[in-house]
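Hi,

Here is the model I promised to pass on.

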Amino acid sequence: MAVLVKFCMWGFYLILVLAQCQFEDAQGAESVPGLGINWGALASHPLNPNIVVNMLKDNGIKKVKLFDADPWTVGALAGTDIEVMVGIPNDQLSKFAASSHCADDWVKANITKHLHGRHGVVNIRYVSVGNEPFMKAYNGAYVETTFPAMQNIHRAIDKAGLADTVKVTTALNADVYDSPSNNPSDGDFRSDIRDAMQQVLSFLHETNSPFLVNIYPFLSLYQNDNFPVEFAFFDGQGRTVQDKDVQYSNAFDANLDTLVWSLRKAGYPEMRIMVGEIGWPTDGDKNANKKNAKRFFQGLLKKMAKKQGSPLRPGALEIYLFSLSDENMKSIEPGKFERHWGIFGYDGSAKFPIDFSGEGQEKWPVAAKGVVYQDRIWCILNPDNKNLSLLPSAMDYACAAADCTSLGFGCSCDNLDLATNASYAFNQYFQTRDQSVQACNFNGLATIVKQDPSRGSCIFPIEIYSSCHMLRPIHTLGTLSIAFLFFFITFT
């Protein structure tokens, strides 16, 4: 009898502890209204979607923007009430532009299904048809297909009876408009896409959908050596720009108001604007570091919390930060920084303090929970090897298949000697290939070690087990069942 009473007491205590943990997790943090974040998946070892969703909830993030409609990722958001924007990649635009049947099938598989899911509803609110399809770098490749693809996707959504709930838009790069004088009041849409932009604007107006624009003050700094550094931030420490009777103290406001002027001239002065991407990378360039990223996000979030808007669009802002985590498979054609936009690292670890509430507190975000790392081993240049003539070709081979963007001037690993550079490259290749022994050879130049070779700011990472290897988190009921089973076995 005493044993049974003891068992019941322990069981009751465990229930209280688990319930408290669940309650604390459910409380989470609070983010500034209108704040969302981009969740990309161009990584060799992406985080488990369930882990990511829990991380979003822990940090109070209530809106997320995806670049596709991967069913596992979207499904992981079921029952969370997190507002979701799914995407259609550029390489699919021609298919949807040409066929309304393809659009119908896509909507059924990627929208309707999730609104009637067995495990809860996914709060899908937007579809971004294309990602920066009018960007200059694409040389007009998607100009003819973007608008008809938007039309067909919208018609399919309307046919499904969801047009009032799910809005269709397209994420546009800020280069769709420009100003010859750099003053916002001289802004207008580019002449080579003006007709296409009029079609898109008319569509957005008729369907009551937002204009989605990506604005990057960092890129203004990266692309122009004469760009005033302080103008990229929000704390007003640099010079101001006067335009008519308006004064600008930061690049974001000036860029946003250039869009406002462009919309006015196109006949849509009141069109709703959402910022689809904005962020600051932490590596891969002399200005890409954690200190600058922290400063940029702190200023942006404070601005959102104060509902300042821009001079021509005062009030609350709707913004998706870029990006949730680093992606080591992104193209580095624009620059090595492209793989380092994450507020969190590749493993969901927090990089720097950031207060998503906009109150400006020195607080670290909640890192990903439940991430499983591979063995604590690294691949480095064998110190006994004295023949370094083969190193350049071996490094080229490693970096062609792995991420070496932290190497080089202004990067986190810019002060390494040749041997340590080679070790970093070898380890990146080794980790990307799941620590395969065969991946740490390089014609006998490399060896596996158990001592961390990291130096200062240059971190030699250990790879995580990818989402395909991870088990889905155990729900509370399952946890309690296991707990009761444990105590039953222990006390009987």
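Let me start with C458, which is buried at a relative accessible area of 1% (buried is under 20%, exposed over 50%, partly exposed in between, with a 1.4 Å probe and protein chains only). C458 forms a disulfide with C413, the sulfur atoms 2.0 Å apart (a disulfide being a pair of cysteine sulfur atoms within 2.5 Å). That pair links distant parts of the chain, 45 residues apart. C413 is buried too, at 2% relative accessibility.

Some housekeeping: this is a predicted model, where local features need pLDDT of at least 70 and side-chain atom pairs count only at pLDDT 80 or more, while totals for chains, interfaces and linings use all residues. Residues are numbered from 1 along each chain as its sequence is written, and side-chain values use heavy atoms, with hydrogens and water left out.

C379 and C440 make a right-handed link, with 90° about the S-S bond, and both are buried. C399 and C404 are joined with S to S 2.2 Å, and this link is left-handed at -90°. C399 counts as partly exposed at 27% relative accessibility, whereas C404 is buried at 11%.

What about C411, how far is its sulfur from the closest cysteine sulfur? The distance is 8.2 Å, to C413, so too far for a bond.

Lastly, the crossing of α5 and α6 is right-handed (the near helix is turned clockwise from the far one by less than a right angle; helices are DSSP runs of H or I, at least four residues, numbered from the N terminus).

Cheers

Notes
Helices (H or I, at least four residues) and strands (E, at least two) are DSSP runs, numbered from the N terminus.
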